[in-house]
Amino acid sequence: MKTKKTIAIIGATGNMGSAISKSLSKGNYRLLLKANEEDKLDVLVKEIESIQTKAEVGVAVCPAEAGWEADIIILALPFGAEKEVAKKIKEVANQKIVISISNPLNETFDGLVTASDTSAAEELQKLLPNSKVIKAFNTTFAADFSSPVIDGKQVDAFIAGNDEEALQTVSELVTTAGFNPIVAGDLSISRTLESMQLLLIQLGIKYNYNWLAGWKILHN
Ligand SMILES: NC(=O)c1ccc[n+]([C@@H]2O[C@H](COP(=O)([O-])OP(=O)(O)OC[C@H]3O[C@@H](n4cnc5c(N)ncnc54)[C@H](OP(=O)(O)O)[C@@H]3O)[C@@H](O)[C@H]2O)c1
């Protein structure tokens with residue numbers, strides 16, 4: 001029998017953190033959630049347990065504890081906080097999968113704060129040289145998780161990283177969340193993936209997609 005993987009979600013009560021936590025509770029995983037506000041976290045845990053009665057959900061007191069117990073760590077945090085928390089989990093995240101979902105948007109949503117020759121995910125990899133950093137869930141809106149099928153089509157979710165086994169493991173998470181996983185390439189492809197979401201945000205604002213939008217590659 002396959003052993004149950006533990007997934008730590010840091011920033012679990014945010015828009016993305018709670019959407020990811022709820023959707024992964026459908027899978028055969030143990031979830032370990034960490035958030036700053038304990039009351040909010042308590043409400044989220046109860047909500048997950050009421051939707052998925054078989055879900056195994058725990059709460060961690062700090063990022064290091066969450067990272068220590070986890071096989072996979074999801075940083076559901078803004079880019080700045082992602083870098084801050086990376087320092088706290090560096091030792092415990094050795095050889096583990098660390099998922100970067102962040103889009104390093106500037107304050108006016110018309111550009112990225114990262115230089116053109118890097119990405120949030122690559123900056124995270126520099127801070128966590130012994131971890132397997134994977135870019136995932138950055139091209140899907142939080143609102144998409146409750147309905148990953150839009151206009152009759154399953155939304156694609158792009159994944160990038162340098163470790164084949166880790167890419168496969170994260171593809172399984174993406175599938176559990178209801179999206180169609182597409183491995184786009186190595187970690188440097190995160191530059192494109194983060195720019196794609198900047199474009200989708202800009203188009204969403206321009207055409208009022210109401211945050212329910214996603215990418216779909218049409219092919220034969
Ligand atoms: N929203 C989307 O549709 C979407 C889609 C794709 C990717 N993303 C990316 O996902 C990430 C999270 O976005 P979001 O919309 O979920 O943001 P959010 O709702 O503001 O949630 C961010 C979470 O991060 C926590 N946090 C902030 N600073 C922290 C720090 N220094 N240490 C520890 N925790 C901290 C917050 O906790 P407290 O509130 O308790 O402080 C909050 O739970 C961002 O990088 C964003 O670019 C978002």
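Colleague: Which helix does Met196 lie in?
Modeller: Met196 sits in helix α7, which covers residues 190-207. Keep in mind that this is a predicted model.

Colleague: Is Met196 buried, exposed or partly exposed?
Modeller: Partly exposed, because 16 other C-beta atoms lie within 10 Å of Met196. Being called buried would take 20 or more, and exposed would take 12 or fewer.

Colleague: Leaving aside neighbours within four places in sequence, what is Met196 in contact with?
Modeller: With that exclusion, Met196 has contacts to Thr139 and Trp215.

Colleague: And how many residues apart in sequence are Met196 and Trp215?
Modeller: They are 19 residues apart along the chain. In space, the C-alpha to C-alpha distance between Met196 and Trp215 is 9.0 Å.

Colleague: Where is Asn210 found?
Modeller: Asn210 belongs to the segment after α7.

Colleague: Why does Asn210 count as exposed?
Modeller: Because Asn210 has 9 C-beta neighbours inside 10 Å, and 12 or fewer counts as exposed.

Colleague: What about phi of Trp211?
Modeller: Trp211 also isn't a glycine, and its phi is positive, near 65°. Trp211 lies in the segment after α7.

Colleague: Why does Trp211 count as partly exposed?
Modeller: Trp211 has 14 C-beta neighbours inside 10 Å, so it counts as partly exposed.

Conventions: Residues numbered from 1 in each chain as written. Predicted model: local features only at pLDDT ≥ 70, side-chain atom pairs only at ≥ 80, totals over all residues. Helix = DSSP H or I, 4+ residues; strand = E, 2+ residues; numbered from the N terminus. Contact = placed C-beta atoms within 7 Å.
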